[in-house]
2 protein chains.
Amino acid sequence: MNGVPGAFALRATSGNARRGSLTLAHGVVETPVFMPVGTAATVKGLTPGDLFELGARIVLANSYHLWLRPGRETIVAAGGLNAFMRWERPILTDSGGFQVFSLESRRVVSDAGVRFRSHIDGSEHEFTPENIVAFQEALGVDIAMALDVCVKLPAEQTEIDEAVRRTTLWAERCANARSRAATLLFGIVQGGLDESARARSAAGLTALELPGYAVGGLSVGETRDEFERMTRFSAGLLPAGKPRYLMGVGTVRDLLTAVDAGIDMFDCVYPTRCGRNGRAITRAGDLNIRNAVFARDFRPLDERCSCSVCATFTRAYLSHLFRAEEMLGPRLLSYHNLAVLIDLLAEARTAIERDEWAAFRSANLAALAPAGD
Amino acid sequence: MNGVPGAFALRATSGNARRGSLTLAHGVVETPVFMPVGTAATVKGLTPGDLFELGARIVLANSYHLWLRPGRETIVAAGGLNAFMRWERPILTDSGGFQVFSLESRRVVSDAGVRFRSHIDGSEHEFTPENIVAFQEALGVDIAMALDVCVKLPAEQTEIDEAVRRTTLWAERCANARSRAATLLFGIVQGGLDESARARSAAGLTALELPGYAVGGLSVGETRDEFERMTRFSAGLLPAGKPRYLMGVGTVRDLLTAVDAGIDMFDCVYPTRCGRNGRAITRAGDLNIRNAVFARDFRPLDERCSCSVCATFTRAYLSHLFRAEEMLGPRLLSYHNLAVLIDLLAEARTAIERDEWAAFRSANLAALAPAGD
């Protein structure tokens with residue numbers, strides 16, 4: 001390990017696209033980077049060995065889910081989250097804010113924190129800025145996210161303003177609650193599609209001089225134009241010397257857009273959820289592997305892909321696995337879909353280093369079929 | 001490749017236990033051997049790479065399922081079943097008799113063959129001794145099973161006698177229908193729990209001088225004593241110079257019993273089905289990984305097991321995966337359960353070579369907890 005956790009070296013830029021290296025307690029993460037989502041301490045269907053083989057350098061897990069099951073005591077007894085799930089590289093945990101605010105009727109929010117009932121057994125719990133930082137630090141993760149208030153769009157202006165106010169207040173309390181240098185705290189910019197609210201949110205958070213910042217509340221159903229506009233606007237509000245993380249993105253198209261806006265880190269359930277449902281991501285757009293046309297198509301899923309699934313299996317075989325509802329299908333397709341996004345960003349890093357980002361982006365957008373997203 | 005497909009070299013015996021080498025078109029299989037079941041051209045949840053890593057030398061697939069989906073044309077177009085599923089080692093296909101006779105009301109049997117309706121879409125199909133041999137040969141498998149009549153026990157004597165008569169008749173027609181030297185035809189001894197019917201069945205089949213023989217219709221709910229008695233009796237009816245395959249077995253205990261009776265080959269869905277349901281096979285008996293006692297048990301599943309799951313993951317983590325209904329759980333437990341049976345028979349082969357079979361069997365039976373099966 002070279003460097004102190006939190007050191008972020010900007011190695012190259014090409015337009016607004018950035019090529020960086022983020023030093024974390026469990027290793028260096030080269031950015032831009034896609035983080036596979038392992039909600040419940042497992043990237044669904046895949047082993048840590050698979051993720052290593054895929055070249056994943058960091059994975060995401062979710063505080064809400066782990067708080068409820070298996071719970072802090074079990075993970076601490078295992079020696080931390082890395083040891084529990086047998087993943088030696090960095091982990092980022094989401095704060096649970098997004099999940100709690102998805103519970104709707106089951107939660108009560110105040111400046112103190114948010115009280116909610118478990119979706120598993122109805123038991124009552126409370127997240128506060130302090131206890132959610134303590135939880136993530138106890139898990140020993142590399143990056144902890146501040147507790148934030150997520151607003152469902154469209155929303156009243158007063159609701160957006162209140163969410164920004166509370167997210168900033170909570171970020172300050174999260175910052176004050178820190179007690180472990182190896183766990184970096186990232187703040188989350190909220191503000192919906194309102195530029196002034198986004199700017200106010202970013203100003204409040206950057207004043208805390210956190211080691212990284214996320215853009216939350218996007219990729220939640222807004223139009224492609226709104227997504228692109230708010231991503232560019234939000235990225236521009238964040239300090240150049242810190243990593244920028246766009247939460248819940250994505251797709252090949254959205255990653256190309258967001259890297260172009262100067263975003264460094266991404267996570268999304270899209271590749272693994274699609275993988276379970278038979279939707280294959282390719283550099284030429286997505287395809288539904290159950291379609292009759294693939295039943296005797298003996299080509300690999302994506303001829304541009306160098307993953308072990310594409311090197312081994314045919315569309316015909318994968319199509320058969322999904323028709324027969326065989327669990328190997330979701331496993332293989334999840335693996336391939338992650339490979340596409342991880343490899344896309346590996347190639348993006350090279351393109352940025354060579355200052356060929358604009359051409360790389362154009363070529364990759366052009367390769368996507370019209371419906372491909 | 002040395003030798004001609006079908007050559008069976010008996011390398012050692014220890015008591016009635018046999019240590020052999022069966023030469024097949026896709027490689028040599030060392031016996032006694034456990035064959036993982038890949039019903040629909042996939043061992044559920046596992047890749048061919050996993051099976052290779054596990055040391056599986058041969059897998060089983062099912063004619064009934066493959067006939068219906070993806071169907072002969074697709075598999076032939078892929079270049080055969082090995083190419084379709086990307087498994088380079090030998091494959092044995094079941095004839096489909098067992099599955100068709102499980103359909104009960106959906107089938108009509110005559111000397112000509114068996115007409116049935118698909119469990120998938122209700123479409124009508126017919127299996128005859130001739131077309132089921134042609135199907136298996138078209139798939140290019142190493143071992144094809146003759147079409148047989150399976151009787152549900154308990155059954156009337158006349159029904160058992162009729163099943164034996166028809167199974168023998170069909171085996172003759174299967175033998176006459178052969179057209180491919182690389183696919184070996186095995187006959188299946190039926191006769192329920194009736195020794196004279198078993199003897200008549202074995203006599204009819206062995207007269208055909210097939211390259212191998214299976215014992216069918218056991219491990220279907222009979223008592224342990226009945227199972228052991230009929231296994232020993234049936235094995236004794238079969239020629240010493242040919243491989244003997246006991247269908248649908250097993251468990252650690254049943255494998256030890258059957259190897260002791262002189263059986264060479266086994267298949268069973270038990271390890272993979274248990275793996276999907278959270279039941280772990282260990283050399284000390286089975287355990288239900290969901291039990292509360294395992295939630296903070298940081299030992300491997302089976303301390304005697306050298307598989308990669310036991311080398312990597314704890315009972316606590318596996319327990320968490322099953323509680324959270326994560327698909328990695330079934331994958332990992334299926335892998336481990338197969339490892340236990342494959343490794344048990346690898347050790348058995350060594351014990352037979354050293355003429356230490358009786359001691360090996362006793363020690364392994366003693367290690368099983370009372371409830372362990």
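Predicted model: local features only at pLDDT ≥ 70, side-chain atom pairs only at ≥ 80, totals over all residues.

Residues are numbered from 1 along each chain as its sequence is written, while chains are lettered from A and ligands numbered from 1 in the order in which they are written.

Student: What distance separates the centres of domain 1 of chain A and domain 2 of chain A?

Tutor: Chain A is divided into domain 1 (8-268) and domain 2 (275-336), with bounds from an automatic or database domain assignment. Taken over C-alpha atoms, the separation of the two centres is 30 Å.

Student: Which helix gives the most to the side of domain 1 of chain A that touches domain 2 of chain A?

Tutor: Contact requires C-beta atoms, placed from the backbone, within 7 Å; 7 residues of domain 1 of chain A and 8 residues of domain 2 of chain A take part. Helices are DSSP runs (H or I, at least four residues), numbered from the N terminus. With 3 residues, the one that gives the most to this side of domain 1 of chain A is helix 1 (residues 48-54) of chain A.

Student: Are helix 8 of chain A and helix 9 of chain A roughly parallel or roughly antiparallel?

Tutor: The axes, lines fitted to C-alpha atoms over the stretch in contact, have angles from 0 to 180 degrees between N-to-C directions. Those of helix 8 (residues 195-206) of chain A and helix 9 (residues 224-236) of chain A come within 10 Å and cross at roughly 30°. Angles under 35 degrees count as roughly parallel, over 145 as roughly antiparallel, 65 to 115 as roughly perpendicular and the rest as oblique. Helix 8 of chain A and helix 9 of chain A are therefore roughly parallel.

Terms used: Contact = placed C-beta atoms within 7 Å. Helix = DSSP H or I, 4+ residues; strand = E, 2+ residues; numbered from the N terminus.
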